[in-house]
Amino acid sequence: MHPVITRALRRQRITMVGAVVLGLAWGFLVRARSDDALLTVVPMVLLLVGSGVVLFRGPSRAALRVAPEAVVAYAPPRAPAPFAAYAVAWLCFQLVHYGGQRELGLLRWPLAVGSVALIVFVLVDRWRQVPTVELSPEGVGFGRPRRAFFVPWSALAAGQPILPTAQSRTLRLVLARPELVSREGGRRRRTDRELLPTQDVDVAPEFLAAAIRHYLDHPAHRPAIGTVAEHARLGQVIGGK
């Protein structure tokens with residue numbers, strides 16, 4: 001599993017760096033050729049395209065994989081949707097293009113500070129973590145190499161997660177003991193819900209929901225999670241429902 005995460009993180013980092021370079025370069029190009037209105041429209045078109053890809057992107061149809069060396073069943077990241085990269089490129093373009101327009105007056109500075117803050121936030125998030133889901137004998141985790149959150153089996157309420165609809169982008173995990181959930185930075189969960197994102201991980205949401213519910217209802221099978229034999233058994237159980 002580690003090589004999969006490493007490659008995905010490298011691709012994600014290269015994509016984000018490329019977005020910054022492209023956005024800044026396009027902004028300086030537009031400033032140098034301010035009479036060409038078409039150059040100003042292109043970044044907005046790309047942002048709309050990226051938004052459309054995310055909006056109409058269907059869920060994965062894959063099953064969980066196994067990583068016996070890590071003793072987990074997992075879903076790797078999907079091929080990245082371009083929205084984050086397009087958004088960063090557009091913000092970098094805005095920063096250069098509108099930052100040089102003196103007629104905006106003092107409004108330039110709030111726009112510049114806001115753009116920089118958003119760019120840094122997205123870059124840091126995408127630099128440190130790719131979306132993955134892991135089922136282990138201990139519980140359900142999201143995110144690698146830095147884990148966004150981890151939900152022990154003992155924290156989950158019985159009879160869930162509720163099977164997702166075709167439009168669902170997350171699984172809602174109801175927590176019986178939210179104080180047991182660990183999150184990045186040591187933050188504790190203060191509500192009885194945890195949202196497990198599924199849009200950017202390569203597993204069918206209904207398969208993932210069924211797997212979590214199966215292990216929640218059958219704790220005797222949890223110690224075998226991550227083994228090839230257990231993976232085959234789980235596929236037969238879920239596929240036979």
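Biologist: Why is Val41 called partly exposed?

Modeller: Keep in mind that this is a predicted model. The relative accessibility of Val41 is 44%. Buried means under 20% and exposed means over 50%, with partly exposed in between, so Val41 counts as partly exposed.

Biologist: Where does Val41 sit, and what makes it part of a nonpolar patch?

Modeller: Val41 lies in helix 2, which covers residues 37–56. The patch consists of Leu38, Val41, Val45, Val49 and Val53, and together these residues have about 400 Å² of accessible area. A patch residue needs over 30% relative accessible area, and Val41 has 44%. Nonpolar side chains are joined within 5 Å.

Biologist: How do you know whether Ser115 is buried or exposed?

Modeller: Its relative accessible area is 11%. Since buried means under 20%, Ser115 is buried. Ser115 belongs to helix 4, residues 108–128. Leaving aside neighbours within four places in sequence, Ser115 is in contact with Leu91 and Leu95.

Biologist: How many aromatic pairs are there?

Modeller: With ring centres within 6.5 Å as the rule, the count comes to two aromatic pairs. One of them joins Phe142 and Phe149.

Biologist: What makes the pair of Phe142 and Phe149 stacked, edge-to-face or tilted?

Modeller: The centres are 5.8 Å apart and the planes make an angle of 15 degrees. Planes under 30 degrees apart count as stacked, so this pair is stacked.

Biologist: Turning to the sheets, what makes strand 1 and strand 7 edge strands?

Modeller: The open sheet has six strands in the order 1-2-3-4-5-7, with antiparallel pairing. Strand 1 (65–67) and strand 7 (182–183) each pair on one side only.

Biologist: How do you know that strand 3 and strand 4 pair?

Modeller: Pairing takes at least two bridges. Strand 3 (residues 129–135) and strand 4 (residues 139–145) have five bridges, in the antiparallel sense. Gln129 stands opposite Pro145 in strand 4.

Biologist: What makes the peptide bond from Arg144 to Pro145 cis?

Modeller: Its omega is near 0 degrees. Pro145 itself is placed in strand 4.

Biologist: Which side chains of strand 8 point to which face?

Modeller: In strand 8 (residues 193–197), Glu194 and Leu196 point to one face and are buried.

Biologist: Why is Thr170 called partly exposed?

Modeller: Thr170 has 32% relative accessibility. That value lies between the limits of 20% and 50%, so Thr170 counts as partly exposed. Thr170 is placed in strand 6 and stands opposite Pro197 in strand 8. Strand 6 (residues 170–174) and strand 8 pair in the antiparallel sense over five bridges. Not counting residues up to four places away in sequence, Thr170 touches Leu195, Leu196, Pro197 and Thr198.

Biologist: What is the phi of Val71, and where is Val71 found?

Modeller: Phi of Val71 is near 55 degrees, a positive value in a residue other than glycine. Val71 is found in the loop between strand 1 and strand 2 (72–75). With 37% relative accessibility, Val71 counts as partly exposed.

Note on methods: Residues numbered from 1 in each chain as written. Predicted model: local features only at pLDDT ≥ 70, side-chain atom pairs only at ≥ 80, totals over all residues. Heavy atoms only, no water. Patch = residues over 30% accessible without salt bridge, like charges linked within 9 Å, V, L, I, M, F, W, Y side chains within 5 Å. Areas by Shrake-Rupley, 256 points an atom, 1.4 Å probe, with all protein chains shown as cover. Salt bridge = Lys/Arg side-chain N within 4 Å of Asp/Glu carboxyl O. Helix = DSSP H or I, 4+ residues; strand = E, 2+ residues; numbered from the N terminus. Buried < 20%, exposed > 50% of the residue type's maximum accessible area, 1.4 Å probe, protein only. Contact = heavy atoms within 4.5 Å. Phe/Tyr/Trp six-rings, centres within 6.5 Å; stacked < 30°, edge-to-face > 60°.
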